[in-house]
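Here are my notes on the model you sent over, as numbered points.

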Amino acid sequence: MRDQPTELKVEVLRVAHWIASNQSEKLGIQAMRIAIAIIFLWIGALKFVPYEADSITPFVANNPIMRLFYKHPEEYKAHLTREGQFVPAEREWQANNNTYAFSQGLGIVEVIIGLLTLAGLVSPRYGLAGATMSFLTPVVTLSFLFTTPEAWVPDLGDAEFGFPYLSGAGRLVIKDVALFAGSWLVMVDCVRDLLQKRAVQSAVAMLHTAHRGGPRL
């Protein structure tokens with residue numbers, strides 16, 4: 001009976017050492033790479049669906065740069081619909097507002113980011129491009145917290161409104177801080193792999209040079 005706790009401790013330590021191993025770290029980074037790719041591929045594909053394009057209208061219309069892609073950004077509040085709701089008149093207004101064309105363009109960019117990030121499983125160079133774009137994306141999305149009124153609970157009579165009370169839209173945006181950090185880890189992994197490959201190539205080149213310059217029999 002006295003041996004059981006000792007055996008348990010050995011197993012716990014064995015698991016702990018594996019978790020702390022380089023193999024486990026690499027596995028975690030690869031999982032992060034796949035997770036980032038899933039986020040961009042899935043949400044990017046949804047950008048071609050009207051309800052998703054409608055839902056990002058407040059973010060785009062209030063952004064000082066993105067709003068330039070809309071024809072009537074100042075009118076967006078009068079034409080908002082709930083997810084899953086179909087109102088022909090509002091759908092027509094959104095189409096005329098260039099809402100769907102902009103959303104589709106954004107979707108193409110997001111799908112490209114997802115594919116490049118996923119390509120990092122086999123190509124550090126392409127993976128670095130995807131991870132860098134993924135890292136820069138939250139810089140834009142997190143700025144919505146400062147430009148989008150709908151990111152905060154409105155003053156409708158309750159005591160809790162405004163900062164720091166995030167609305168549903170705000171809670172959706174704040175999650176991008178994790179994407180920001182995860183993309184950085186993937187970038188580091190890509191750069192590390194590229195440097196290792198360059199070091200190997202340099203070593204091989206030096207060996208070839210030394211071999212050609214050596215004594216000949």
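1. Leaving out residues up to four places away in sequence, T137 touches F40 and I113, where contact means heavy atoms within 4.5 Å. T137 lies in helix α7; helices here are DSSP runs of H or I with at least four residues, strands are E runs of at least two, and both are numbered from the N terminus. T137 counts as buried because its relative accessible area is 18%, and the cut-offs are under 20% for buried, over 50% for exposed and partly exposed in between, with a 1.4 Å probe and protein chains only.

2. A word on the ground rules. This is a predicted model, so local features need pLDDT of at least 70 and side-chain atom pairs count only at pLDDT 80 or more, while totals for chains, interfaces and linings use all residues. Residues are numbered from 1 along each chain as its sequence is written, and side-chain values use heavy atoms, with hydrogens and water left out.

3. How confident is the predictor? The mean pLDDT of the chain is 92, and 95% of its residues reach 70 or more; pLDDT is the predictor's confidence in each residue, from 0 to 100.

4. Now the cores. The largest nonpolar core has 15 residues, and V60 and V173 have the most contacts inside it. A nonpolar core here is a set of buried Ala, Val, Leu, Ile, Met, Phe, Trp, Tyr and Cys residues joined through side-chain atoms within 4.5 Å. Two or more residues each come from α4 (57-62) and α8 (144-147), with α4 giving the most, 3 residues. Setting aside residues up to four places away in sequence, V173 touches F59, T141, L142, F144 and L145. A second, separate core has 9 residues, including I113, F135, V186 and C190.

5. The largest pocket has a volume of about 1,300 Å³. On a 1 Å grid over the protein atoms alone, a pocket is an open set of points with protein on both sides within 12 Å along at least five of seven lines, a cavity is a set where a 1.4 Å probe fits but cannot get out, and lining residues have an atom within 4 Å of a point. Points are joined across faces, edges and corners, and a volume is the space filled by probe spheres set on them. Of the 43 lining residues, K47, E52, I56, T141 and L172 are the closest to the pocket centre.

6. What is that pocket lining made of? It divides into 26 nonpolar, 7 polar and 10 charged residues. Ala, Val, Leu, Ile, Met, Phe, Trp, Tyr, Cys and Pro count as nonpolar, Asp, Glu, Lys and Arg as charged, and the others, Gly among them, as polar. Helix α2 gives the most, with 6 residues.

7. Helix α5 (residues 88-96) supplies the largest share, 3 residues.

8. A37 is found in helix α2. Is A37 buried or exposed? A37 counts as buried because its relative accessibility is 1%. Beyond its neighbours within four places in sequence, A37 is in contact with G114, T117 and L118.

9. L194, in helix α10, counts as partly exposed at 25% relative accessibility. Its contacts, leaving aside neighbours within four places in sequence, are P124, R125 and L128. L194 and W152 are 42 residues apart in sequence and 42 Å apart in space, C-alpha to C-alpha.

10. Two backbone spots deserve a look. Most residues other than glycine have a negative phi, and most peptide bonds are trans. N98, in the loop between α5 and α6, has a positive phi near 75° and is partly exposed, with a relative accessible area of 26%. The peptide bond from F163 to P164 is cis, with omega near 5°, and P164 is found in the loop between α8 and α9.
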